[in-house]
Amino acid sequence: MDRPAYAGNKRYYSLYEAMMGRFGRRVMKAGIDVGFTCPNLDGTCGTQGCAFCRNGSSGYGALYGGNHPPLAEQLAVQRERIRQKWPDAGLIAYFQAHTNTYGSPETLKQLYCEALEQEGVCGLSIATRPDALPEPVLEILADLSRQTYLTVELGLQTIHDETARRFGRGYDTLCFVRAAARLKERGIRVCVHLINGLPGESREQMLASARMVSELGLDGIKIHLLHILKGTRLEADYRTGQVVPMSKESYIDTVVRQIELLPPDMVVERLTGDGMREHLLAPLWSLDKIAVLGGIDRELAFRDTWQGKRYAAGSQGQP
Ligand code: SF4
């Protein structure tokens, strides 16, 4: 397959390019935490949460230190921060912390609509779990997606149920596949999250996850590195040597191979983590995000490869 002409000499379809194409200007995500919980924490399907979860996040921690200022205030703070750097930027209100479809339909609708009314907001991203999408919520999301640029971000992390059982995900991969299909049937954009470096997973298993999600007709992907955070269940396993973080070289190699497997038009929303240094135990190399992204770009160029080079719908090329 020929190399597509991605913007900025990139070898993958970046979120920046997708936003420029859709809105004609830079549009940034503004993360908000409106105080939802999670069925994997409140006892509905579990109380311990995912082993890497710190305050409702597989990133470095809760937004706003776990406080929940009013939604309008949170977006105003984010708008100010973003516009200091990019004065004309639009905002995607990103319901980020915990499970953002886990509430009554009335409350959800009110919060989503309130976010859309804030100055500069031109779309919504809603992060959730596939087991928290009942029919009334799907209807609200379908309505919203007709009105605005809506993306539902679904955690999957891995397609391998054995790995998922080990870290306590609380649903099986079939649940994800069905939820993604129900969203897509309603014309709703879906972005899947994967995590590389989960305990016990080989590189081949991580590639198999990328290969399978490439077959589902999804719109976007976020690829994360497993972060070992203070105060999580993973911390003890890390300290006893049972969990070994990925090396930078191995992570870059895996991500490059995953990018090759993705459909050329799937938006690559993230290729590394972000967050506060004080919560991170390992791997510390991930703090230098620019070096990680630069390493991925360099490796793609060195191998003369790109997003979709090994993608073939229905018959994926082997890595
Ligand atoms: S689904 Fe998200 S919020 Fe819930 S336990 Fe797992 S990482 Fe935490």
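Predicted model: local features only at pLDDT ≥ 70, side-chain atom pairs only at ≥ 80, totals over all residues.
Me: What does the secondary structure of the protein chain come to?

Reply: The chain has 10 helices and nine strands. Its radius of gyration is 19 Å, close to the 20 Å that the globule rule gives for 319 residues, so the chain is as compact as a globular protein of that length.

Me: How many of the contacts between residues at least 6 apart in sequence join residues at least 24 apart?

Reply: In this chain, 80% of them do. Buried residues make up 53% of the 319 residues.

Me: How many salt bridges does the count come to?

Reply: A salt bridge needs a side-chain nitrogen of Lys or Arg within 4 Å of a carboxyl oxygen of Asp or Glu. By this rule there are 23. One of them pairs R166 with E162, with the closest N and O atoms 4.0 Å apart. Both belong to helix 5 (residues 161-167), and because they are four residues apart, about one helical turn separates them. R166 is partly exposed, with a relative accessible area of 44%, and E162 is also partly exposed at 44%.

Me: Where do D253 and R303 lie?

Reply: Their closest N and O atoms are 2.7 Å apart, forming a salt bridge. D253 is in helix 9 (residues 248-261) and R303 in the segment after helix 10 (289-302), so the pair ties together parts 50 residues apart in sequence.

How values were computed
Residues numbered from 1 in each chain as written. Heavy atoms only, no water. Helix = DSSP H or I, 4+ residues; strand = E, 2+ residues; numbered from the N terminus. Rg over C-alpha atoms; globule rule 2.2 N^0.38 Å. Buried < 20%, exposed > 50% of the residue type's maximum accessible area, 1.4 Å probe, protein only. Contact = heavy atoms within 4.5 Å.
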